[in-house]
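User: I would like to learn how to read the features of a protein model. Could we go through one together?

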Amino acid sequence: MSEEMSLEVLKNQTNGTLAVYDKPYPYAVPVSFVYGDGARYFHGATEGKKHDLLTDNGNVSLSVVGMDNVQPEK
């Protein structure tokens, strides 16, 4: 996917899955987010597991689905 297409998805969607580093597996959690000024902003508490993991390691992955085409008959 091109960078332009990726930015369009971020601009037009509001939900995704945030994966943060945890041992021994990633910790993935659904988040609501907005995209603006080249950054992604998401709602979060100032305490808890997600906050602790983000504080320990800011390397994350945000997965956002811009469009799907479920075809149960196939």
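This is a predicted model: local features need pLDDT of at least 70, side-chain atom pairs count only at pLDDT 80 or more; totals for chains, interfaces and linings use all residues.

User: Which secondary structure elements does the protein have, and in what pattern do they follow along the sequence?

Analyst: The protein has two helices and four strands. Along the sequence they follow the pattern α-β-β-β-α-β.

User: Of the contacts between residues at least 6 apart in sequence, what percentage join residues at least 24 apart?

Analyst: That share is 47%.

User: Now the charges. How should I read them, and how many salt bridges are there?

Analyst: The general idea is that side chains of opposite charge can pair when their charged atoms come close. Here the count is two salt bridges, with a cut-off of 4 Å between nitrogen and oxygen. For the protein as a whole, the mean positions of the 6 positive and 10 negative charges lie 4 Å apart.

User: Which residue pairs with Glu8 in a salt bridge, and where does Glu8 lie?

Analyst: Glu8 lies in helix 1, residues 3-12. Its side chain meets that of Lys11 in a salt bridge, at 4.0 Å from N to O. Both residues are in helix 1, three residues apart, which is about one turn of the helix. Glu8 counts as partly exposed because its relative accessibility is 39%, between the limits of 20% and 50%.

User: Which residue forms a salt bridge with Asp22?

Analyst: Asp22 forms a salt bridge with Lys49, and the closest N and O atoms are 3.1 Å apart. This pair links distant parts of the chain: Asp22 is in the loop between strand 1 (15-20) and strand 2 (27-36), while Lys49 is in helix 2, 27 residues apart. Asp22 counts as buried, at 19% relative accessibility. Lys49 counts as partly exposed, at 45%.

User: Is Lys50 buried or exposed, and which side chain of opposite charge is nearest?

Analyst: Lys50 is buried and has no salt bridge; the nearest side chain of opposite charge is that of Asp52, 12 Å away. Lys50 is found in helix 2, residues 49-56. Leaving aside neighbours within four places in sequence, Lys50 is in contact with Leu18, Tyr27, Val29, Val31, Phe42, His43 and Gly44.

User: Where is the cis peptide bond?

Analyst: The peptide bond from Lys23 to Pro24 is cis, with omega near 0°. Pro24 lies in the loop between strand 1 and strand 2. Asp22 is also in the loop between these strands.

User: Which residue has a positive phi although it is not a glycine?

Analyst: Asp37 has a positive phi of about 55°. Asp37 is found in the loop between strand 2 and strand 3, the latter being residues 39-42. With a relative accessible area of 81%, Asp37 is exposed.

Definitions and conventions
Residues are numbered from 1 along each chain as its sequence is written. Side-chain values use heavy atoms; hydrogens and water are left out. Contact means heavy atoms within 4.5 Å. Lys and Arg count as positive and Asp and Glu as negative; His and the chain ends are not counted. The place of a charge is taken as NZ of Lys, CZ of Arg, CG of Asp or CD of Glu. Buried means under 20% relative accessible area, exposed over 50%, partly exposed in between (1.4 Å probe, protein chains only).
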